[in-house]
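Welcome! Have a look at the sequence and the model, then try each task before reading on.

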Amino acid sequence: QKIYLKDYTPPAYLVDTVHLTFKLSPNATRVNSKIRFRPNPDSDSRDFFVHGEHLTLIRAAIDGQECSPVVTDKGLTAQAPDAPFTWEAEVEINPQDNTALEGLYMSNGMYCTQCEAEGFRRITYYPDRPDVMATFTVRIEGDLPVLLSNGNPTASGDGWAEWHDPWPKPSYLFALVAGDLRNHPDSFTTKSGRKVDLNIWVRPDDIDKCAFGMEALKKSMKWDEDVYGREYDLDLFNIVAVDDFNMGAMENKGLNIFNSSCVLASPETATDANFERIEAIIAHEYFHNWTGNRITCRDWFQLCLKEGLTVYRDSQFTSDVRSRAVKRISDVDGLRAVQFREDNGPLAHPVRPDSFVEINNFYTATVYEKGAEVVGMLKRLVGDDAYAQALDLYFERHDGQAVTIEDWLKVFEDTTGRDLGQFMRWYSQAGTPRLTVTDDFKDSTYTLNFKQYTPPTPGQDVKQPQVIPIAVGLLTPNGDEVQETVVLEMTKPEQSFEFKGLSSRPVPSILREFSAPVILEQDTDNETRAFLMAHDTDPFNRRESGNALARDVLRRMITDGAAPDPMYLEAKAKILTDEALDPAFRALVMSLPTQEELAQMLFDTGHTPDPEAIFNATQTLAQASAERLKQDLPRIYAAHQVKGPYSPDAGPAGHRVLANSALWLLSRLDGCKQAQAQYDAADNMTQQISALGCLQYFDHGADATQAFYDQWRHDRLVIDKWFAMQVSNTRPDQTVATAQALTEHADFDMKNPNRFRAVFGALAWHHAGFHQADGAGYRLLADWLIKLDPVNPQTTARMSTAFQSWRRYDEGRQALMRAELERIMSTPDLSGDTGEMVGRILEG
Ligand code: ARG
Ligand code: ZN
């Protein structure tokens, strides 16, 4: 059932201390709890309710007196005193059969937990809500060599260990791990001299894949001290890698648990992109120690309070340790592909949602990525110094508390004296604002006229104007900057801004660095776009002009059957061959807009996207590009080969990504000769998999695909890539059959989310393959979602978003998708997770 932000009430009882004892056993783990409750002075209610799901209650007592609570499948109620008291309970749980991967479960013989958001209630009876914070003491009994929980170890012996976490925390940050694990140890000394032991715990086979993650952790710890003044607060920090995990990773206090794909890396098995992502996720989880753990959320509607801010912080970190321009460009590519799609369809919701059925369905690109954009806009509006002061005040004022977005904005208001009432709409209003711009030049004055409009979203018909920070620079027609970047602050539906004293009409560069998450509609001709591509001083907009040009060229090819525009091919060739530019940046200019992005753009401009036509146009344009660059490609490919031992640093990774984008084009011309040579010589995964991709894509991949499997069959994470690659690199008419065949492979295992996503994530992202006109892609995915739902509702619900844009397509496809959605919806005993998601997709 649906719950609403406006219905928030404080808990009737608070908790001071929690003592837990776990007697581990795969099918029958016993959990004993001893919890000190006290009445909450801020609540009038004395109803004692504690959450509990999938628990067998063995006994319960209040202040030592056995009691018989009223138990439902959601929790229990009991008569409790209007004074402090001790609650004790013993429950039995079944980690072995817990395939939902929430609460305590088993993965490859090890015990592990995932409690965020509401998994702790599958471990024991408890007020499982983030505004109840307590200190935890944990005893683990189990016949396994490594027994871990939060905080510091206090005692241990043969088959048992005790842990104490001195920092009060909500139950969602609880964690326990037990298994036959090896550690990769290191240490870090904080600015104030605390020596912290660091460990990455893994299964014995993976011990050689920890070094990079450890370096990333130490870098993150240092960065948070230097940039935010935040030090670590325990003597120990543990990270554990787990194979079966619904999400990326989890910031449990002092005991972060990671999907093994988000921490394990070696040059032979992980790509440059994997390394970069691992570094960012380790940073993200570490940064949560302050933005999430020390200061947490009052309720789950405030999820963006910790996630938006922490994503923003990890993106700052990556910009600092790698390339700022490249990071910004790739973040915006991701935002547009995933968040814009969400914000412009049936699943649109505010950054701070005001209602939900299942909170797990709101760990979305809107909460995370748009949430981070909102923090970035706030920083741009108040300035860097005020942002730093506001953050200091936030940490000082709210340390140890569970707070709200109102509290967060108040520190900015108190620091700057600004009224952030209108800014609050970024948190409460769903949908991507459209920003249109026109310009005038008269009497040495240049004027930019903006209009904003946000289309209706489910449940929000009418939108109010937002505060939009628009970063603008002006160039002269010969490419000099006459106006360096200024931030225009738009607050009204229509607003004009003047630039005086200009001797000639300038060329505007608008929304530099993508200063707001909006769709900019600008009536620019392609000459101007090509000019900005060559001359803009803002690297983000330089690439964006190229992208806008490509979108326009592709749109004309798709809707009017136009030929590839030579102007675009020339402009692109200029960037590609400009050896003064950062190779990673050049590779981004090389890339075409994704087919998903093109479908969005077509729909937005009043066309019905035809997946096949979109696919064909991108092929034709890529082929034309390859032919235009015939002379240059072999030279660029050769010039950017990296000599010497592999390093995942941004420098060498940039050379590889450029050489490999050249290889993709070259493979269209040379029958994959170079790709085969690269495959045969590769000594790292980046080179190996890029070559494999070319071979597969251009139908020369059968032998390499088999060889790759034989080489890597023992390595789960590499085999995940093997599954995904085969689907991603098919021709559209082969995608579904390939995915289907892979589900019959002996190594396919739907219980493992990484493996399921490898096949079906790749299918869902293969735009033309998934949207085959006969509906085979829809049918195959729906079949498997129906199979997966009883096993793992959370992952099922998440994957069902593949259908979210169904109303964008032609009637035939719409009918086919609707039928599949309805078939899922009518499945007996469908989970609440999937029911909510599919219901919203159908109705919105
Ligand atoms: N807090 C984690 C992170 O973003 C995400 C965990 C979400 N898990 C879930 N089952 N909803 O770092
Ligand atoms: Zn997070």
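**Exercise 1. Find the order of the strands in the open sheet of four strands, and say which strands stand at its edges.**

Step 1. The order is 29-26-25-31 in this open sheet of four strands, and the pairing is mixed.
Step 2. Strand 29 (494–499) and strand 31 (519–522) each have a single partner strand, so one side of each lacks a neighbour in the sheet and they stand at the edges.
Step 3. From one strand to the next, the twist averages 25°.

The model is predicted: local features need pLDDT of at least 70 and side-chain atom pairs pLDDT 80 or more, while totals for chains, interfaces and linings use all residues. Residues are numbered from 1 along each chain as its sequence is written, and chains are lettered from A and ligands numbered from 1 in the order in which they are written. Strands (E, at least two residues) and helices (H or I, at least four) are DSSP runs numbered from the N terminus; two strands pair if DSSP finds at least two bridges between them. Angles run from 0 to 180 degrees between N-to-C directions of axes, which are lines fitted to C-alpha atoms, for helices over the stretch in contact.

**Exercise 2. Work out in which sense strand 25 and strand 26 pair, and look at the loop between them.**

Step 1. Strand 25 (residues 434–442) and strand 26 (residues 445–453) are antiparallel, with nine bridges.
Step 2. Across this pair, Thr436 stands opposite Lys451 in strand 26.
Step 3. The loop between the two strands holds Asp443, whose phi is near 50°, a positive value in a residue other than glycine.
Step 4. Is Asp443 buried or exposed? A residue is buried with 20 or more other C-beta atoms (placed from the backbone) within 10 Å of its own, exposed with 12 or fewer, and partly exposed in between. Asp443 has 6, so Asp443 is exposed.

**Exercise 3. Describe what surrounds ligand 1.**

Step 1. There are 14 residues around ligand 1 (C-beta atom, placed from the backbone, within 6 Å). The closest are Glu116, Met247, Met250, Asn360 and Tyr363.
Step 2. Strand 20 (249–250) and helix 2 (272–287) each supply at least two residues of this shell.
Step 3. A cis peptide bond, with omega about 0°, joins Glu116 and Ala117.
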